[in-house]
Amino acid sequence: MSDPHATYEALFNACVDDFGHDPPWRAGEWLVACSGRIIGAVRGADALGIEAMNPAAASTIDALINTPDSGDAVDVAALRSWLRGVARLVKCTRCDGTGTEKAQCNRCDHSHEHQCGGCDGEGERFLGGVEKPACVYGFTTSAYRLLLLVNALAESGIATARALTIAAPDGLNLLVLSADGVRVGITASTLTASASWPEVTP
């Protein structure tokens, strides 16, 4: 199993990158991060000082953490690579992928390196639009937001997950990727996706 604390930090950062985040929640032995559109839960992460879950989200969180490790097996690296293509992540031409750029200082005659303003220091730019949809196992969602979650799984050393869809009691439909002690979920998109995973070969 991946390190619970490091995995939670990666998922928390994914929520921040999406749209800010709600405060961390505790649900029994699970620690939960959520942006409102993506959600991640890690069992066994340090939960000291974290409040119990938000009652408004209780049914969704309960459905997520009680999702079994079942469904279609997913190669996380392969899905990550495919989503990068759908999301159209490309090297930033402004900084040539370094994440930094030289800018003339207003206080002296020298130039200094700063975080690139074209990619916010990431070295890559996202050209597909945040809402560009992708269809994964028949579930249409944002390629960009799903990539945030899949990046967090990959960076935590999770090589394989299980994919399935759930309907929470509050009517929210989620695509869930589950691995040992980790659950991530993402809400559906109303847009029509032209790209589908798994890719069908003729």
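These are my notebook entries on one predicted protein model.

**Ground rules**

I number residues from 1 along each chain as its sequence is written. Because the model is predicted, local features need pLDDT of at least 70 and side-chain atom pairs count only at pLDDT 80 or more, while totals for chains, interfaces and linings use all residues, and side-chain values use heavy atoms, with hydrogens and water left out.

**Entry 1: the overall picture**

I started with the chain as a whole and found four helices and 14 strands. For my own record, helices (H or I, at least four residues) and strands (E, at least two) are DSSP runs, numbered from the N terminus. The chain has 202 residues, and 44% of them are buried. Buried means under 20% relative accessible area, exposed means over 50%, and partly exposed is in between (1.4 Å probe, protein chains only).

Next I looked up contacts, meaning heavy atoms within 4.5 Å. Among those between residues at least 6 apart in sequence, 65% join residues at least 24 apart.

**Entry 2: the cores**

Which residues touch the most other members of the largest nonpolar core? I got Leu79, Trp82, Leu83, Leu146 and Leu177, out of 42 residues in this core. Helix α4 (residues 143-155) supplies the largest share of this core, nine residues. A nonpolar core here is a set of buried Ala, Val, Leu, Ile, Met, Phe, Trp, Tyr and Cys residues joined through side-chain atoms within 4.5 Å.

I then picked out leucine 83. Leaving aside neighbours within four places in sequence, leucine 83 is in contact with Ala134, Ala143, Leu146, Leu147 and Val150. There is also a second, separate core of 17 residues, including Ala27, Val32, Cys34 and Leu174.

**Entry 3: the strands around β3**

I moved on to strand β3 (residues 38-43), where five of the six residues are buried. Strand β2 (residues 30-34) runs antiparallel to β3, and five bridges join them. Two strands count as paired if DSSP finds at least two bridges between them. Cysteine 34 stands opposite isoleucine 39 in β3. The β2 and β3 hairpin has three residues between the strands, and there glycine 36 takes a positive phi near 105 degrees.

β3 also pairs with strand β13 (residues 182-187), again antiparallel and through five bridges. The bridge partner of alanine 41 in β13 is arginine 183.

Both of those residues came up again when I checked isoleucine 65, which lies in helix α2 (residues 58-65). Is isoleucine 65 buried or exposed? It is buried, with a relative accessible area of 12%. Leaving aside neighbours within four places in sequence, isoleucine 65 is in contact with Ala27, Trp30, Ala41 and Arg183. I also looked up valine 32: its C-alpha atom is separated by 9.3 Å from that of isoleucine 65, and the two are 33 residues apart along the chain.

**Entry 4: a three-stranded sheet**

I found an open sheet with the order β10-β9-β14 and mixed pairing. β10 (139-142) and β14 (196-197) stand at the edges with a single partner strand each, so one side of each has no neighbour in the sheet. Strand β9 (residues 133-136) pairs with β10 in the antiparallel sense over four bridges. Cysteine 135 stands opposite threonine 140 in β10.

In the loop between β9 and β10 I came to tyrosine 137. Phi of tyrosine 137 is near 50 degrees, a positive value in a residue other than glycine. Tyrosine 137 is partly exposed, with a relative accessible area of 26%.

Aspartate 96 is not a glycine either, and has a positive phi of about 60 degrees. I found aspartate 96 in the loop between β5 (89-91) and β6 (100-104). In the segment after β14 sits proline 198. A cis peptide bond joins tryptophan 197 to proline 198, with omega about 0 degrees.

How much space lies in the largest pocket? I noted about 590 Å³. Of its 20 lining residues, Asp17, Glu122, Tyr144, Leu148 and Asn151 are the closest to the centre. On a 1 Å grid over the protein atoms alone, a pocket is an open set of points where a 1.4 Å probe fits, with protein on both sides within 12 Å along at least five of seven lines; lining residues have an atom within 4 Å of a point. The volume is the space filled by probe spheres set on the points, which are joined across faces, edges and corners.

α4 gives the most to this lining, with six residues.
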